[in-house]
Amino acid sequence: MTDASSTPKTSPVTALLERALFSRRKWVLAAFLIITLAMAWLAAGLRVDAGFTKLVPLEHEYMRTFIKHRAAFGGADRVAVALVAREGDIFSPAFFALLQKVNDAVFFLPGVDRTQVYSVVTPNVRYNEVVEDGIVAGNVLPADFKPTKAGLARGRQDINRASLTMSAATGQ
């Protein structure tokens with residue numbers, strides 16, 4: 001036999017909830033079914049929208065600059081380095097020596113995806129030209145490029161073939 005004093009006594013609130021829920025099971029199940037259907041209908045309207053612009057403070061000056069120029073530069077994970085010839089144009093031996101030096105410095109930075117480094121001195125910038133005999137293509141600057149008078153003339157020609165404007169070639 002069990003002792004009556006060892007059975008736990010239920011509080012009046014618990015007793016009231018038990019009577020309300022378990023004495024009207026059909027009504028409770030119907031209410032839960034209606035709530036479940038309503039939640040399912042509302043969940044069907046949810047859309048995942050984790051856009052980049054929703055995650056950053058758009059009023060910050062850096063973000064305003066990014067939004068202003070994002071059409072020209074693509075994503076926010078890019079760094080554009082502009083090298084500008086202050087006198088004359090970019091077709092000088094000194095400019096191409098400096099361009100190669102800057103390109104190498106960027107190319108070998110830790111964490112840089114080297115396949116995404118684009119410059120007129122990298123082999124991933126190419127030109128395509130339709131000619132009488134078919135298509136002519138090649139690197140904008142060939143691997144054996146030397147900044148001589150003839151080399152610079154060919155570089156100018158190939159930059160034009162690649163439809164790179166002077167501002168795109170200089171980063172302006």
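Q: Which residues does N103 touch, and what makes these pairs contacts?
A: N103 touches V117, S119, V121 and T122, leaving aside residues up to four places away in sequence. A contact is defined as heavy atoms within 4.5 Å. The model is a predicted one, in which local features need pLDDT of at least 70, side-chain atom pairs count only at pLDDT 80 or more, and totals for chains, interfaces and linings use all residues. Residues are numbered from 1 along each chain as its sequence is written, and side-chain values use heavy atoms, with hydrogens and water left out.

Q: Why is N103 called buried?
A: Buried means under 20% relative accessible area, exposed means over 50%, and partly exposed lies in between (1.4 Å probe, protein chains only). N103 has a relative accessibility of 8%, so N103 counts as buried. This residue is found in helix 4.

Q: Is S119 buried or exposed, and where does S119 lie?
A: The relative accessibility of S119 is 14%, and S119 therefore counts as buried. S119 lies in the loop between helix 4 and strand 1. Its contacts, not counting residues up to four places away in sequence, are L99, N103 and V125.

Q: Why is Q100 called partly exposed?
A: Q100 has 32% relative accessibility, so Q100 counts as partly exposed. Q100 lies in helix 4. The C-alpha atoms of Q100 and T122 are 9.0 Å apart, and these residues are separated by 22 residues along the chain.

Q: What is the relative accessible area of P93, and what is P93 called on that basis?
A: P93 has a relative accessible area of 44% and is therefore partly exposed. P93 lies in helix 4 and touches P147 and L152, not counting residues up to four places away in sequence. P93 and K146 are 53 residues apart in sequence, with a C-alpha to C-alpha distance of 8.4 Å.

Q: What makes a segment a helix or a strand, and how many of each does the protein chain have?
A: Helices (H or I, at least four residues) and strands (E, at least two) are DSSP runs, numbered from the N terminus. The protein chain has six helices and two strands. Their order along the sequence is α-α-α-α-β-β-α-α.

Q: How do you know that strand 1 and strand 2 pair?
A: Two strands pair if DSSP finds at least two bridges between them. Six bridges join strand 1 (residues 126–131) to strand 2 (residues 134–139), and the two strands run antiparallel. V130 stands opposite I135 in strand 2, while the bridge partner of V131 is G134. A hairpin joins strand 1 to strand 2 through two residues.

Q: How do you know that the span of helix 5 agrees with its number of residues?
A: The expected span of a helix is 1.5 Å times one less than its number of residues. Helix 5 (residues 149–161) has 13 residues and should therefore span 18 Å; its end C-alpha atoms are 18 Å apart, which agrees.

Q: Which residues of helix 5 are buried, and why are they said to line one face?
A: In helix 5, the buried residues are G151, L152, G155, D158 and I159. Seen down the axis of helix 5, they fall within an arc of 125°, so they line one face of the helix. The arc is that of the directions from the helix axis to the C-beta atoms. On the other side of helix 5, K149 and A150 are exposed. Just after helix 5, S163 takes a positive phi of about 60°.

Q: What makes a group of residues a nonpolar core, and which members of the largest one touch the most others?
A: A nonpolar core is a set of buried Ala, Val, Leu, Ile, Met, Phe, Trp, Tyr and Cys residues joined through side-chain atoms within 4.5 Å. The largest nonpolar core has 16 residues, of which F96, L99, V120, V140 and L141 touch the most other members. Helix 4 (93–107) and helix 5 are the elements that give two or more residues to this core. Helix 4 provides the largest share, three residues. L141 touches F96, V120, V121 and G155, not counting residues up to four places away in sequence.

Q: How many residues does the protein chain have, and what share is buried?
A: The protein chain has 172 residues, of which 18% are buried.
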